[in-house]
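Student: I would like to learn how to read a structure like this one. Please show it to me, and then start with the terms.

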Amino acid sequence: MRKLIESLGRILIAFVADIGGLFIMIWGIILSVPTIFKRIRLIFEQMLMMGVRSLPLVILTSVFTGSVTAWQAAYQFKGLVPLEWLGLTVAKTVFIELGPVLTSLVLAGRVGASIAAELGTMRVTEQIDALESMGINPVGYLVMPRLVAGMIMVPVLVMFANIIAILGGMVVAVMLVNISYETFTDSIKSYVYIRDVVSGLQKSVGFGAIIALMGCYNGFNAKGGAEGVGLATTRAVVLASVLILVSDYIMATILFNV
Amino acid sequence: MIRLEKVYKSFGTNEVLKGIDLEINSGDSMVIFGASGSGKSVMLKLIMGLLKPDEGDIYIDGKNINELKRSELDELRTRFGMLFQGAALFDSMTVYENVTLGRSEHGDMSKQDRIECARRNLEMVGLAGTEYKYPAELSGGMKKRVGLARALCMEPEIILYDEPTTGLDPVSADKINDLIIELRDKLNITSVAVTHDIYSAFRIGRRFAMLYEGNIRFDGTKEEMESSDDQVLKDFLSHH
């Protein structure tokens, strides 16, 4: 019993320490905002790494997301809902939910892991200490550019993902479900509102921040050698994925009135 | 002057430093030695403010570094140079970018002066012409020398060396020792080195402190060390 209480206590202390550490990092980022223009080159480098280099993966994921959404919707509509609503269903689902959430989950795996591995390696090889020893604030130099890049590039990638997914859904609808192109697009034009698109993008700004913060925080706190970096990477991906799903629900309740 | 007063540091249940008192005067060439895992590198990181002590105070020229604001600590750190155990070069940067990073970040040197600073310091460490190589293209000894050039580019008043010769072949180790002696004698920079390599310690140091079980077991000159009756010190020296 005593051992159980001790281990629960240790978990609680570690959790509180993590929350505290995360808030200290966020405070450090806020304090380094005035140096944002000095870091433009680093921000662009990160935008290239997170955005441009993730594009092929995002395109591939979204083609299949759109296609399967159209196919599954057609299957569920059969005999219950007219197929004229297929375009609307695919577009609304993609804009509001699947585009932002699935793209962010894919990016948590690709970008979040890469950030955690890079910063974790820098931590265990004392490169972060070396920055500090030269009087360079590592949060301003390493974390802030990644956070800004994440908050800009995830919504950009989500926009691409939305367009590709809807095109993928349209191809399936026109070629396999035998709905005309006009029927598919008319329902989108009539019933998809700008609010649907914007709210999805708003969510993805938050998801971008979560991916970058989890990668940076876990990488910064990596301990030991290769094993520590591996653990930090896993934690970054798992925590980012869980937080994306939790915050998705919270943001949905705020952004959409039922 | 660097002064440590009753400094304690633990990691979990492992008490590494148990009330360290040590003074290092300007111009000193101090070597802290002791067995692996005795807390030597931790002491250097505490002096740099990279770690915070659990108890006790560390003063640099009378300023308690635990009471400094982040910006004041960053300012103070520009007076230090540190050579890390594994050199800690930035993999994604060239040698030139590594050496001049501190200067370009602080914006206190023109690009032309930075190029000159890198050239001069790389020449000093015997690596002229390596400016556009990446760390992955360098040997362990060369990386340490680039690390030293990076520290020197900041024109430090105090240099901290963390195991400067560990992991190097005897020839490369001697090159590093020669460089440290040259810096000590020519530039009169205060230096603090931690090492378990007694041969290197005797070459580069003028004053020696032995760290043993979390305390300073011995503090004195080479002559005092050789004439000491302390059995623990004698054992350590005879095994190295």
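Tutor: Two strands count as paired if DSSP finds at least two bridges between them. Helices (H or I, at least four residues) and strands (E, at least two) are themselves DSSP runs, numbered from the N terminus. Here B:Tyr59 stands opposite B:Asn64 in β5(B). Strand β4 (residues 55-60) of chain B pairs with β5(B) in the antiparallel sense, over 2 bridges.

Student: Before we go on, what kind of model is this, and how are its parts labelled?

Tutor: It is a predicted model, in which local features need pLDDT of at least 70 and side-chain atom pairs count only at pLDDT 80 or more, while totals for chains, interfaces and linings use all residues. Residues are numbered from 1 along each chain as its sequence is written, and chains are lettered from A and ligands numbered from 1 in the order in which they are written.

Student: Which sheet does the β4-β5 pair of chain B belong to?

Tutor: Strands of a sheet pair through backbone hydrogen bonds, either parallel or antiparallel. In chain B, 4 strands make an open sheet with the order β2-β1-β4-β5 and antiparallel pairing. At its edges stand β2 (14-24) and β5 (63-64) of chain B, each with a single partner strand, so one side of each has no neighbour in the sheet.

Student: What is the order of the sheet of 6 strands in chain B?

Tutor: That open sheet runs β6-β7-β8-β3-β9-β10 in chain B, and its pairing is mixed. Its edges are β6 (80-83) and β10 of chain B; each has a single partner strand, so one side of each is left without a neighbour in the sheet. From one strand to the next the twist averages 15°; for such angles, axes are lines fitted to C-alpha atoms, for helices over the stretch in contact, and angles run from 0 to 180 degrees between N-to-C directions.

Student: How many bridges join β9 and β10 of chain B?

Tutor: Strand β9 (residues 207-212) and strand β10 (residues 215-220) of chain B run antiparallel and are joined by 5 bridges. B:Phe208 stands opposite B:Gly220 in β10(B), and B:Tyr212 stands opposite B:Asn215 in β10(B). The two strands form a hairpin with 2 residues between them, and B:Glu213 in the turn has a positive phi of about 50°.

Student: Is helix α1 of chain B buried or exposed?

Tutor: A residue is buried if 20 or more other C-beta atoms lie within 10 Å of its own, exposed if 12 or fewer, and partly exposed in between, with C-beta atoms placed from the backbone. In helix α1 (residues 40-48) of chain B, 9 of the 9 residues are buried, so the helix is largely enclosed by the rest of the structure. Among them are B:Lys40, B:Met43 and B:Ile47. Just after α1(B), B:Gly49 takes a positive phi of about 80°.

Student: How do I read a core, and which residues touch the most other members?

Tutor: In soluble globular proteins, nonpolar side chains tend to be buried together. A nonpolar core is a set of buried Ala, Val, Leu, Ile, Met, Phe, Trp, Tyr and Cys residues joined through C-beta atoms within 7 Å. The largest one has 132 residues, and those touching the most other members include A:Ile211, B:Ile32 and B:Met43. Leaving out residues up to four places away in sequence, B:Ile32 touches B:Lys40, B:Met43, B:Val192, B:Val194, B:Ala209 and B:Leu211.

Student: What does chain A consist of?

Tutor: Chain A has 9 helices and 0 strands. Buried residues make up 45% of its 258 residues. Its C-alpha atoms fill a box of roughly 65 × 55 × 35 Å along the principal axes. Among contacts in chain A between residues at least 6 apart in sequence, 88% join residues at least 24 apart.

Student: Where does A:Leu55 lie, and what does it touch?

Tutor: A:Leu55 lies in helix α3 (residues 55-77) of chain A. This residue has 15 C-beta neighbours inside 10 Å and therefore counts as partly exposed. A:Leu55 touches A:Leu157 and A:Phe160, not counting residues up to four places away in sequence.

Student: How many residues of each chain are in contact with the other chain?

Tutor: 11 residues of chain A are in contact with 17 residues of chain B.

Conventions: Contact = placed C-beta atoms within 7 Å.
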